[in-house]
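Student: I've got a structure open and I'd like to learn how to read it. Where do we begin?

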Amino acid sequence: MTEEGLSKIVRTVALLLTAPITVLGLYIIAHGHLTPGGGFQGGTVIATAIALMLVAFGSKRVKKAVGKEVLSATESLGLIAFIAIAFLGMGSTFFSNFLANAGGLLGMSIPSGANPGTINSAGTIPLMNFAVGIEVASALSLVLLLIYFSGEKEGKKGGGKK
Amino acid sequence: MKSFTKALVLAVLVFFLVLAALELRPFGMPQKSAMDDYIIVKGQEETAANNLVSAVVFDYRGFDTLGEATVLFAAVSGAYLLFRRELK
Amino acid sequence: MIAVLSQNLPFVVSALLLLIGMYALLFKSNLIKMAIGLSVMGSAVNLFLIALGYRQDSIAPIFTNAPLVGAVNAAEMAMPVPQALTLTSIVISLAVTALMLSLAVLTFRHTGTLDAEKAGRLKG
């Protein structure tokens, strides 16, 4: 695995592109109940931004910036938040949408038929989108980091007996 | 495995695919499904979401999404477990 | 026969992709090529699932700025349930591919070769 990364042009463009890619991923997650997209798709886009940083900068510099423990903690937090939101609707059933059409936070009713959507609708669906998006982004970045970082110890060992 | 066995497996797969292709309905005319008709007609007023696919994934079929998120979590923690010896 | 084939073109393409993936899985002995073959087979199945749920002359099941007139008729929109099940299938095949590639990397570090037949021999 490369330790120094690629040339200076690639590094500059990768730094410039990281912020728009992350904002695009967050936009796809946040509008999941209005346009095509949602939690899984937006989480994969955010993981692409971290993969771009890994390829352009090499494993030595990324190791100082992002750690494995942080990504592992956010992945667990995402799954716990998803299960907690499912348990909160336990008044009627498990996974019931108790915020839709209720008038409070995220509870506006929408007219039937074709309409431009509003974000303030659809109950627990935007909250679940965020939880799943954070979980998928952290999981994919963690797998990439594991394969990259474990290649530093071998050095000149070359993989054992032939 | 010899290459005759491999070619035989591939030929058996082709045979079963052709057999299945004769039973399919034409493209664009699926069977009438009462569940999908109910979701299209009533989905917008029950879940207040414009995107019916998100409403199906997170509201009508939320249990499948819970299983899928757990499978992804288990696979990634399995990969973490495999690399523990190299990272110490 | 050609008319029937050209009308059901998505199903034919899905079957071809399945055969290509199966060929890569059977006839190649490199571990990375086997992983690529399994991933192609997963993509073929996902394409088949989505192609099953299409109604003729229908729009996507989304109401935001949709070209509808008045209340919706159930035959005007494509079926949303096969698309939801395809999402689950894509994520699970992604998890399996990640585990397979991790095992391939570990096999290379332990035995020094990526060939499936040479790496499976017991030593001593």
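Predicted model: local features only at pLDDT ≥ 70, side-chain atom pairs only at ≥ 80, totals over all residues.

Student: Can we zoom in on one residue? What is B:Leu72 in contact with, leaving aside its neighbours within four places in sequence?

Tutor: It's in contact with A:Val136 and A:Ala139 on one hand, and with C:Val91 and C:Ala95 on the other.

Student: Now helix pairs. At what angle do α4 of chain B and α4 of chain C pack?

Tutor: For a pair like this, look at the angle and at how far apart the axes are. Here α4(B), residues 62–82, and α4(C), residues 81–111, pack at about 10 degrees, with axes 10 Å apart. Angles under 35 degrees count as roughly parallel, so α4(B) is roughly parallel to α4(C).

Student: Which residues make the contact?

Tutor: On α4(B), they include B:Glu68, B:Val71, B:Leu72 and B:Ala75; on α4(C), C:Val91, C:Ile92, C:Ala95 and C:Leu99 are among them. Sorted by class, this helix contact has eleven nonpolar, three polar and two charged residues.

Student: And the whole interface? How many residues of chain B are in contact with chain C?

Tutor: As general background, interface size is often given as the accessible area lost when the parts come together. Here let's count residues instead: 37 of chain B are in contact with 37 of chain C. On the chain B side, α1 (3–21), α2 (34–47), α3 (52–60) and α4 each give two or more residues, and α4(B) gives the most, with eight. That side divides into 25 nonpolar, six polar and six charged residues.

Student: What about the contact between chains C and A?

Tutor: That one takes 19 residues from chain C and 17 from chain A. The chain C side has eleven nonpolar, seven polar and one charged.

Student: Last one: how do I read the overall form of chain B?

Tutor: Start with secondary structure: five helices and zero strands. Then set the radius of gyration against a compact globule of 88 residues: that would be near 12 Å, but chain B has 22 Å. Its C-alpha trace spans about 60 × 55 × 15 Å along the principal axes, and 31% of its 88 residues count as buried.

Methods. Residues numbered from 1 in each chain as written. Chains lettered and ligands numbered in written order. Axes fitted to C-alpha atoms, helices over the stretch in contact; angles between N-to-C directions. Helix = DSSP H or I, 4+ residues; strand = E, 2+ residues; numbered from the N terminus. Parallel < 35°, antiparallel > 145°, perpendicular 65-115°, else oblique. Contact = placed C-beta atoms within 7 Å. Nonpolar A, V, L, I, M, F, W, Y, C, P; charged D, E, K, R; others polar. Rg over C-alpha atoms; globule rule 2.2 N^0.38 Å. Buried ≥ 20, exposed ≤ 12 C-beta atoms within 10 Å, placed from the backbone.
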